[in-house]
Amino acid sequence: MLVAFEAGGLLRAFILFLLYPLVCLVGEEQGINVMAFVSFAGIKRKKFMVGSSVLPKYFLEDVGDESFDAVMKAKRKIAVSDMPRIMIECFLKDYLRVDAVEGRELKTVCGYFVGLMEGKNANGVILNELRVGSHAIGIGSFNKSTDDQLFSYCKEIYWVNKAEKWNWKSLPREKYPKPLIFHDGRLAFRPTLVATLIMFMWLPLGVLVFLIRFICGVLLPLNISAIVSASTGLSTTVSRAKPLSWIASNKNDKKESGVLYVCNHRTLLDPIFVAIALMKPLVAVTYSVSRFSEVTSPIKVVRLTRDRERDRKVMEQQLSQGDLVVCPEGTTCREPYLLRFSPLFAEMTGDIVPVAVDLQVSMFYGTTASGYKCLDSIFNLLNPFVIYSVKILEKLPSSQTCIAGEKSRTEVANHVQNQTAKALGFECTTLTRKDKYMILAGNDGII
Ligand SMILES: O=P(O)(O)OC[C@H](O)CO
């Protein structure tokens with residue numbers, strides 16, 4: 001379902017969903033063939049990134065702590081599966097440090113998958129390795145007979161039955177051999193049969209809910225649209241280091257420049273929720289936002305160019321007119337990590353207030369690296385429930401700023417990143433937008 005939805009789209013996912021009874025009826029072997037056909041037929045091979053950008057998250061969540069410990073003890077690990085190799089290889093090699101992967105190959109014509117899999121011929125190199133290997137141990141699933149040839153070379157074999165697997169504890173995140181920081185795709189839930197049915201049943205109502213949230217967001221003042229949105233399941237929880245009255249009283253100070261709110265980045269709606277939390281209109285400076293999102297934003301959006309000098313002038317000019325919100329990570333991150341904070345903001349003003357945002361979505365991710373960015377706000381607002389949490393932190397003391405504290409811009413940016421991470425319980429990284437896009441979309445993310 002994940003491949004059908006993320007690589008093929010909603011219609012393909014719906015067809016697969018309708019065919020599910022057939023998949024169950026024809027038995028495991030034929031069932032995999034049907035699923036592979038519906039999911040892959042007509043997809044361009046070069047553009048297929050789901051195996052590395054979407055599936056590892058779901059596979060990792062499915063790893064049992066007990067089996068993980070057993071597998072990790074092995075010096076050399078070989079994985080064998082009936083699933084298409086392109087779906088499992090990245091996860092097994094990158095996230096489980098498996099040395100060799102034996103999966104099914106998918107047939108392609110003119111660079112497109114035809115939806116058929118090659119036959120199951122055990123890889124000669126792997127067979128030979130097992131034949132001469134000193135003490136190969138096999139761990140297999142009880143209902144698979146397909147790997148007999150490989151298992152016949154194992155000195156010890158452990159078959160895991162359904163009940164045992166059911167009792168396994170999920171692998172805790174701290175034990176992931178490689179941290180899961182980036183992933184892509186729109187689905188924010190595990191598409192089991194029931195969960196997928198709920199999604200398809202929700203969609204007609206979801207479109208209506210989206211329209212209400214969207215139209216109210218565009219047409220009504222922020223405080224009223226926030227109330228309407230909350231009544232439809234899109235709620236905001238706000239915590240402030242200073243009471244709102246303090247913020248409001250400072251609003252009328254005759255200052256040369258406005259306050260710069262520096263916010264981590266979870267979705268392109270972050271600046272709007274910061275404005276709701278502060279109950280005042282802010283200007284958002286942002287990179288790579290789609291024209292649609294820009295035009296329909298309830299707060300003013302000013303584009304940055306990634307040219308430091310030009311961006312500095314734009315921010316200075318906007319700050320001279322009032323308060324500003326910026327997301328210096330430059331791209332969104334879904335997991336509890338913060339990317340490197342670009343230090344440009346640090347030298348703009350001494351009035352810097354860090355803002356820590358987080359959100360929980362129930363059905364769809366409103367961000368994408370390889371999909372259509374113009375759909376980001378639509379997917380965000382299509383969720384049955386969204387909880388946005390906004391924490392307005394203490395304003396930076398002057399000793400921690402460039403201007404009065406004589407700190408370097410990088411020190412200020414790192415300090416703000418640390419404060420934000422502390423408030424959220426997240427981990428700081430030095431990863432950048434480029435790193436994310438290289439991993440998820442195979443490009444540098446410049447749009
Ligand atoms: O997650 P991205 O890369 O679409 O980034 C979000 C945009 O930069 C909007 O700020």
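How many bridges join strand β9 to strand β11, and do the two run parallel or antiparallel? Three bridges join β9 (residues 283–286) to β11 (residues 324–326), and these strands run parallel; within the pair, V285 stands opposite V326 of β11.

The model is predicted, so local features need pLDDT of at least 70 and side-chain atom pairs count only at pLDDT 80 or more, while totals for chains, interfaces and linings use all residues. Residues are numbered from 1 along each chain as its sequence is written, and side-chain values use heavy atoms, with hydrogens and water left out.

Helices (DSSP H or I, at least four residues) and strands (E, at least two) are numbered from the N terminus, and two strands pair if DSSP finds at least two bridges between them. Seven strands form an open sheet of mixed pairing, in the order β7-β14-β13-β8-β11-β9-β10. Because β7 (234–240) and β10 (300–303) stand at the edges with a single partner strand each, one side of each has no neighbour in the sheet. From one strand to the next the twist averages 25°, with axes fitted as lines to C-alpha atoms, for helices over the stretch in contact, and angles running from 0 to 180 degrees between N-to-C directions. Helix α17 (residues 308–321) lies across β8 (260–263), β9, β10 and β11, running at about 155° to β10, where contact means heavy atoms within 4.5 Å.

Just after α19, G425 takes a positive phi of about 75°.

Across the whole structure, a search finds ten aromatic pairs, defined for rings of Phe, Tyr and Trp (its six-membered ring) with centres within 6.5 Å, and classed as stacked under 30 degrees between planes, edge-to-face over 60 and tilted for the rest. Two of the pairs are tabulated below.

| Pair | Centre to centre | Between planes | Class |
|---|---|---|---|
| F40 and F48 | 5.2 Å | 40° | tilted |
| F210 and F214 | 5.4 Å | 25° | stacked |

F40 counts as buried at 1% relative accessibility, and F48 likewise at 8%. F210 and F214, both buried, lie four residues apart in helix α12 (residues 193–219), about one turn of the helix. Ring pairs also link F14, F17 and F200 into a cluster.

How values were computed: Buried means under 20% relative accessible area, exposed over 50%, partly exposed in between (1.4 Å probe, protein chains only).
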